[in-house]
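Take a look at the protein below. We will walk through its aromatic rings, then step back to the whole chain.

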Amino acid sequence: MSRPVDLAVFLVCIVCLVVAVKTLPNITISCLVNVGENDEDGFRRSLQLARQLVRNNTQFSQLTGNFSIHLQINDLPTKVSSAIYVAGEIARTEPRPVVVLGPAVPESTKSVAEALESHRTLLAPFSFTLFATEGKGHVISASPSMSAVIEAKVSFISRFSWSRVGILYDYRRVDGFFTLFKDYLLTSLRNHGITTTGEVGIDPSNPDLQSAKTFIREKLISLMVENTKIFLAEVDSFGALVLFCEIYKLNLHQANNVWLLNPLAGSVDDWLTWYNSTEHGQLVSCPSEAIRTAANGAFVFDKQIIRRDNIRTVSGLYATDYPAKLVQMAKAGEGTSASKLQTSAYGFDAFWAIVTALDQLHQRGVNLDTTTANMTILTSNIIQQLNNVSFQGLTGPVSFTDNQRNGIIAIKQFQEGGRKLVNVGIHMSENLEFFNNTNLLWANGMAPLDKPAKIRLVIGCLVYQMDNKEYKDKFGFVRSLNLVRELIYNRTEFKTLTDNYDIQLMFLETYKRASLSIFGAYRSMQNKPRAIAVLGPALAEMTEPTADALDVFETLLVPFSSRIYVSHKSNVMESSPDMNGVIEAKVAFMKHFNWKRTAILYNFRGHGGFFTAFVDELTRQLRNNSIEISGTFGIDPTSIDVDASRKFIKNKLTVLKEDDTKIYMVEMDAYGALVLFCQVYHLKLHGPDVVWLLHPLVNTMELWWRYNDTKNGQIVPCTKEQIKEAAKGAFIFERVLMRNDGVRTDAGMTKDEYINKIISMQTPGDINNLQDLMTSGYSFDAFWGLSIALNNSAAAMKQKNLTLDTNQVRQASDMRKITNELKTQLNKVKFEGLTGPVKYYDYKRQGVFVIKQVKENENYERVGTHMTSNNRLFFSNESNLWPNNEIPKDRSRIIFTTLVIKQPIMIAVASATAVGILLGLLFLTFNFVYRKYKFIKLSAPLFNNIIAFGCILCLASVYLFGIHDAAADDFSIVCKARAWTLSIGFSCAFGAMFIKTWRIYKICTNKKLKVKLGPLSDWYLLSLVASIIIVDLVILITWEVVDPLHHKVYNFAKEKDAKKPFTLNINQLNICTADMMIVWLTVMYVYKGVLLLYGVFLAYETRNVIYAHLNDSRVIGICVYNVVVLSVVGAFLSIILQHDNYEVMFMVLSVCIIFPATATICLLLFPKVSYRCKTNNLDDADTTLNGGTTGAGRTMDLSSTCYPTEVHHREKSTDPPPAQNVPSVVLSYQNGTSNRSTGSPSPTNEPEGPRAQPALPTPKDENHLSVENIAN
């Protein structure tokens, strides 16, 4: 009975146990490994073995008792995209894995990490990772990363005191893995003070393998040129095969060269697996033995696969037993190679580390169930715990720092002809350890040097016509620079430089093109080592852009151009007197002869804009020296449209000639000078009074004429003799090419010895034209001065613990220190050179400029010298510079003459005016004397006086118009007086005249007397005259306030004095003007014109009025016509006559004023004087028209005055007409009313006695006006 009970209990326990096991939560550990069909590397077996040992290990009993550890092994696809997909599927599987182990290949690590990042699933790759953990919070490297390899390489390089290496890397394979590796490697090298001679990206896998090999070979040669001895090759096994074949061909595998390879390079056996792997035969043209020979001695830095000691690991296994264990677990067809199975040890240790961390977290109570746990927190906890894990693993001590496995990097070397890859050392935790004496690593028992014994100093040399087939080294630049290098190595004063540095010249052909000069400058910067300085270029137009290009690199430019001009470039040390010296010489020349005015003509297109930059600086310096520039004209003599170019030049020269410019600065070349001086000849802009200062590029007149001899005929329409005549006396400013004083230079040669030496150095094809070779003197002195500066800088830099080695330049500030030191030393240089005394000031070469003058027969005679060092000017014989020793002036001497009215004209006009004024005064006197007499009263004497006064004012204005020589302030007063006197005078004289005519018109046109005439009294008429004058006053006052008349000087055309070639006569005329002169004249003309038109109208309407009692009505009409006609004529002529005809204008104006004014006075005066002379019995002083002082006034018969058809211009009889024909009589009273009468007596000049009067209506106003009052 008991036995069945026991059996039942046992079965229940078994069932409970099974249920309990089935209900344990899973901890899934997923693995991405290369399993394939045969598990060649043993990863599957390794992970299964690890899980088995974990279950049997009591250390993890608590973890295994509460969780079922599930191992999920996934075969890693070869394509990265497929690996990403698999990783995503793993992360989405339920229950989610707590960690993903793998992958085991580096190219998939980054992509898988990115795929798992959104799921926050922990990734623990056990391949070589390339910094995959950086910036990835869910990744921890279970294998030493590539940063450990980099640290090992840097430690290896530092161990042997190497400071310069060359890098070759495959930029295409493994998805850019090697490019990123190279970037991190460069950073680490630089941080440890190690420079590179080159970082060369190669593409061994290029389908065009021949091109790939050629490219690799070229890059290896470039590294050889830089004396590279230590090479870092970041390639895989395929790249290593192609690379080491070329290494073998170039003999770069000798004992003095060291090659350090990437872990992915593998062994030579791995390389040779590619050897015959293609259908087209061998990939490389080297035999396999050659590959092994080239690889012999090379080092491979790889992670330690399995530990070498016999220490029992935490799992209980020994490293030596591990491969055998996997072999035992192998199924049919699975891999059993011990060497390959060892690589899976990292998978084993990774699994053990993860389980250890999970166990420790479980003991701390952390939730490990991925179905309920927060994955972000869980992943973070696992990583944090892994960083604290430490144990002895199959791959060595296992620990983590900053999410990376601390591992051992094995240093292996190809030995025995490249057949064996032997462990020679290890690197762990910044400690480098070699297993044997390091001398055994090297064939000659000593570590190779990373650089030659002397430091290479490269100097870039920008020259032209260096290798031209037709003009090889025409100017001797190459030979001169090579000669300097030869001399300094034989001189003891350069010992500091030559003992420590190997000077190498890097010649770069520019072909006279600025673009190639810039390209050459960049090439010198890309060279290894980069150029410490650049000599050249030799042409002006190349200097500025080349200086800009080198300024970026903080590299010194020492140009030896004869024509350079560089403005404010901090990296330029001018080794020849630059064009700024020409400018200083020209300014000194101007100041010496006290010239304060000049014009500039320049070619704005030629020589790449060189002349434009030159003129900008020339303009600045001229203005700084208070020299006026009358004109700056850019011309284009090389224009395709030759005729348009000539016309343009002619126009500009004409403008300058008319502006009296005498000093001309010409900034152009020989071609431009030819075109310019042809126009100079035609415009006669040459001679003793004109000076031409020419640019050095103008060159000789012989060169000018070469341009004029073309296949299509002459370029300019001038003969050679005409050009000579135009250019005669011109000055040209040139630098001294080479000294002629016979002084032996500091280089130990005279000028002649130098020329002979250069000629002796010629190679086949070199040209030896003496004039051209003299140009090389500046290149010689430039390099000699730079050599002195380099020698002094080497000593100065050594005292500062610095060097001139540009290989040590890591940033711009390093190169700036070298450049600044060189400039400082160059500024102190002083020596006797081929081009004269060489001295620098303010970082510029102080030099000598010669001044030559064009003489007879095209000869350029040296007449002076300018020293830039002290800005002094010397002339050999100043008296021979100018004809008759008369120094030209910068402008003609101008004599200003103020024009006045010629005396005969002024006398005639003044006399006529005086006659008119005297007549006016006589008229006023006459009127005053006879003012109470009837014959005067009948002519309205008050208005006649106003007319006479106005005429006198108008006549007085004639004197004002004749004044032209008053001072400016006084003349302004004269201007105002002219306007006021003429305008007021006109309004007084002819306004009063028109008002008198208007009264007659009012009386005579009211024929039937049906309309009241209105007020016609004197006071009313005076108010009308005053109104006219008031309008004048308003206009004149407004004119004076708003825009007053003022004095202005009108200059006539300049006239050259025939007797004095440097003198110009300018006649001046003082005139009156205002800003809105036309507006004011228009207002005045319109106003006066309306007045004149109305006066014409009145004169016409009263043309037939002839009556003795209105004794000057006919005369007034004549005066009105005179005034109108002459005013119109005067106004018209004043408009069309210009200031050049000022005398004609004055005479016309005088006639138009004098004649009407005098005629008016005469026409009003003479009849009265004549009447006075003919009449002996005048009225008594108190006699009135009606014979008494009181009583009814007499009336007059107006019928005869108002009906011209009956009078026929005859004065009618005063006898009364028949009664039936008696017309109406108008009686005008003081109140302005009029009444009719049936009869009127005839007025007489004699006093009348009382007689019977016809019956007349009695007016209401007793004081009615008589005929006299009507007239007055």
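**Aromatic rings in a predicted model**

Searching the whole structure turns up 44 aromatic pairs. Keep in mind that the model is predicted. A pair of aromatic rings is described by the distance of the centres and the angle of the planes.

Start with Phe-160 and Trp-442. Their rings are 5.2 Å apart, centre to centre, with 85° between the planes. The planes are over 60 degrees apart, so this pair counts as edge-to-face. Phe-160 sits in the loop between helix H6 (146–159) and strand S5 (164–170), and Trp-442 in the loop between strand S15 (431–434) and strand S16 (455–463), so the pair ties together parts 282 residues apart in sequence. Phe-160 has 14% relative accessibility and counts as buried. Trp-442 is buried too, at 9%.

Now compare Tyr-664 and Trp-692. Their ring centres lie 4.4 Å apart and their planes meet at 15°, so this pair is stacked. Tyr-664 belongs to strand S22 (residues 663–667) and Trp-692 to strand S23 (residues 691–694), so the pair links parts 28 residues apart in sequence. Both residues, Tyr-664 and Trp-692, are buried.

Go back to Phe-160 and Trp-442. They belong to one aromatic cluster, which also holds Phe-156, Trp-162, Phe-299, Phe-301 and Phe-434. A ring can also have a charge over it: Lys-303 lies over the face of Tyr-346, 4.6 Å from the ring centre.

Finally, step back. The protein has 40 helices and 36 strands. Of its 1272 residues, 53% count as buried. Among contacts between residues at least 6 apart in sequence, 73% join residues at least 24 apart.

Methods: Residues are numbered from 1 along each chain as its sequence is written. This is a predicted model: local features need pLDDT of at least 70, side-chain atom pairs count only at pLDDT 80 or more; totals for chains, interfaces and linings use all residues. Side-chain values use heavy atoms; hydrogens and water are left out. Helices (H or I, at least four residues) and strands (E, at least two) are DSSP runs, numbered from the N terminus. Buried means under 20% relative accessible area, exposed over 50%, partly exposed in between (1.4 Å probe, protein chains only). Contact means heavy atoms within 4.5 Å. Rings of Phe, Tyr and Trp (its six-membered ring) pair if their centres lie within 6.5 Å; planes under 30 degrees apart count as stacked, over 60 as edge-to-face and the rest as tilted. A charge sits over a ring if NZ of Lys or CZ of Arg is within 6 Å of the ring centre and within 35 degrees of the ring normal.
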